[in-house]
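Hello,

I promised to send this one over, so please find it just below. My notes come after it, and I would be glad to hear your thoughts.

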Amino acid sequence: MLGLKLATDPRWVNIVESNIEEILTDHAWCEQKAATNAITIITNNSEHEELVTELIKLAQEELEHFQMVHDIIKQRGYTLGRERKDHYVNELYKFMNKGGNRQQSMVDRLLFSAMIEARSCERFKLLSQRIKDPELSKFYHDLMISEAGHYTTFIGFARQYGKGIDVDKRWQELIDFEGEIITNYGKSETIHG
Ligand SMILES: [Fe+2]
Ligand SMILES: [Fe+2]
């Protein structure tokens, strides 16, 4: 899906189902981080009007997702736990070339963002297909569609602003890099765990 090298083992959903409060807490913080990431890209690339316009909308959508997850947590009498670290994203972060020029940094950051959307989308799809809870199945189906749109937004901007950079080659490198990292995941009750 979306060019990812490795599909998540469906048994991951069984692990998730054993601790719904934990997956919801982790998921809520994923949405917060997605909103924060979009705002960081805006901050670092403020002169690009179209990018700023779209990423303001995207950040708002991520914050809405955060609110939706929080609402489910409240309805079910759970508590939003403290922020969870995202080890997968922290590993993926190492792919980005921090020594390049601003344009290269921007393209890498957009591809990094697209990849997180792609993997999240893959996880949400699996959840929507396999989770027994009908409310969560519908919820994850809807989110899958939204995150697929974000993937398209990020990859589109990487190509648009990556003139002179071989964006497709860089994307392929990231797909390979992610394909290695992800072999260590799919074993715990977090969105990227
Ligand atoms: Fe989201
Ligand atoms: Fe997203």
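Predicted model: local features only at pLDDT ≥ 70, side-chain atom pairs only at ≥ 80, totals over all residues.

Residues are numbered from 1 along each chain as its sequence is written, chains are lettered from A and ligands numbered from 1 in the order in which they are written, and side-chain values use heavy atoms, with hydrogens and water left out.

Donors here are N, O and S atoms within 2.8 Å of the metal (3.2 Å for Na, K and Ca); water is not among the atoms, so sites may look incomplete. The iron ion (ligand 1) lies 3.6 Å from the iron ion (ligand 2), and Glu 62 coordinates both. Glu 117 sits in helix α5 and His 150 in helix α6, so this pair ties together parts that are 33 residues apart in sequence. Helices (H or I, at least four residues) and strands (E, at least two) are DSSP runs, numbered from the N terminus.

Both Glu 117 and His 150 are buried. For accessibility, buried means under 20% relative accessible area, exposed over 50%, and partly exposed in between (1.4 Å probe, protein chains only).

Two packed helices are described by the angle between their axes and the distance between the axes. The axes are lines fitted to C-alpha atoms, for helices over the stretch in contact, and the angles run from 0 to 180 degrees between N-to-C directions. Angles under 35 degrees count as roughly parallel, over 145 as roughly antiparallel, 65 to 115 as roughly perpendicular and the rest as oblique.

The axes of α2 (residues 20-44) and α3 come within 8 Å and cross at roughly 165°, which makes α2 roughly antiparallel to α3. In their contact, 20 residues are nonpolar, four polar and two charged. In this count Ala, Val, Leu, Ile, Met, Phe, Trp, Tyr, Cys and Pro are nonpolar, Asp, Glu, Lys and Arg are charged, and the others, Gly among them, are polar.

With α5, the axis of α2 comes within 11 Å at a crossing angle of roughly 160°, so these two are roughly antiparallel as well. With α6, the axes are 14 Å apart and the angle is about 20°; α2 and α6 are therefore roughly parallel.

Ile 41 lies in α2 and is buried at 2% relative accessibility. His 65 lies in α3 and is buried at 5%.

**Salt bridges**

How many salt bridges does a search of the whole structure find? There are 18, a salt bridge being a side-chain nitrogen of Lys or Arg within 4 Å of a carboxyl oxygen of Asp or Glu.

One of them joins Glu 17 to Lys 132, at 3.0 Å from N to O. Glu 17 belongs to helix α1 (residues 12-17) and Lys 132 to the loop between α5 (102-130) and α6 (134-161), so the pair ties together parts that are 115 residues apart in sequence. Glu 17 is partly exposed, at 22% relative accessible area, whereas Lys 132 is exposed, at 65%.

Another pairs Arg 76 with Glu 135, with the closest N and O atoms 2.6 Å apart. This one links the loop between α3 (49-75) and α4 (87-93), where Arg 76 lies, to Glu 135 in helix α6, 59 residues apart. Arg 76 is partly exposed at 26%, and Glu 135 is partly exposed at 36%.

Arg 119 and Glu 122 also meet in a salt bridge, at 3.0 Å from N to O. These two are three residues apart in helix α5, so about one helical turn separates them. Both Arg 119 and Glu 122 are buried. Finally, Asp 108, Lys 169, Arg 170 and Glu 173 are joined into one network by salt bridges that share partners.

Best wishes
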